[in-house]
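Hi,

Here is the structure I said I would pass on. Have a look, and my notes follow below.

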Amino acid sequence: WRTSDWQVQKRVQDPFQEGAEQVLFQRPSWSADGAILCAPNAVKKSKPVAALIQRESFKWSAELVGHSGAIVACRFSSTLFRAQEPDAKKSQGGSKSPPHVGCVAVCGVDGLVSVWRSGAARPVVILRDISSDSLTDCCWSPD
């Protein structure tokens with residue numbers, strides 16, 4: 001929605017065409033800098049994913065994979081973290097400060113929580129068996 005006239009700015013439908021209709025909760029989340037929307041209940045090649053959508057273009061830029069059931073909640077941490085420089089860059093005398101990265105937790109009806117770092121191809125951690133039932137939401141602690 002545009003706040004200037006409350007009309008639809010862009011309708012993003014592609015990642016959600018095959019999404020599970022029986023999912024009761026769908027909780028998207030904006031990154032701390034507001035540049036990326038992580039949207040649950042997307043599907044790619046018949047697999048449940050969380051879609052990362054760029055705010056500027058509303059393009060589906062990436063997906064977070066690995067859940068066996070529908071993804072119902074995505075939560076970005078409100079904190080940006082300083083990325084560690086690889087040892088190779090340190091040894092070359094690079095004085096450039098490392099970029100900041102965000103983290104997003106993705107929860108599904110399969111009871112899994114996967115935590116992703118921006119720019120990573122795989123999750124930082126996958127939490128299994130933290131609930132005996134499907135998950136409906138998650139949040140980050142301020143500490």
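What percentage of the residues of the protein count as buried? Of its 143 residues, 34% do, where buried means under 20% relative accessible area, exposed over 50% and partly exposed in between, with a 1.4 Å probe and protein chains only.

Before you dig in: this is a predicted model, where local features need pLDDT of at least 70, side-chain atom pairs count only at pLDDT 80 or more, and totals for chains, interfaces and linings use all residues. Residues are numbered from 1 along each chain as its sequence is written, and side-chain values use heavy atoms, leaving out hydrogens and water.

The fold first. There are 1 helix and 10 strands, in the order β-β-β-β-β-β-α-β-β-β-β from the N terminus; these are DSSP runs (helices H or I, at least four residues; strands E, at least two), numbered from the N terminus.

Asn41, with phi near 65°, sits in strand E2 (residues 36–44) and is buried because its relative accessibility is 6%. Asp129 has phi near 55° and lies in the segment after strand E10 (125–127); its relative accessible area is 75%, so Asp129 counts as exposed.

Then there is Arg75, in strand E5 (residues 71–76). Its side chain makes a 3.2 Å polar contact with that of Asp137 (a pair of N or O atoms within 3.5 Å; within protein, one must be able to donate a hydrogen and the other to accept it, and residues adjacent in sequence count only if both atoms are side-chain atoms). Leaving aside residues up to four places away in sequence, Arg75 touches several others, including Arg27, Cys103 and Trp140 (heavy atoms within 4.5 Å).

Cheers
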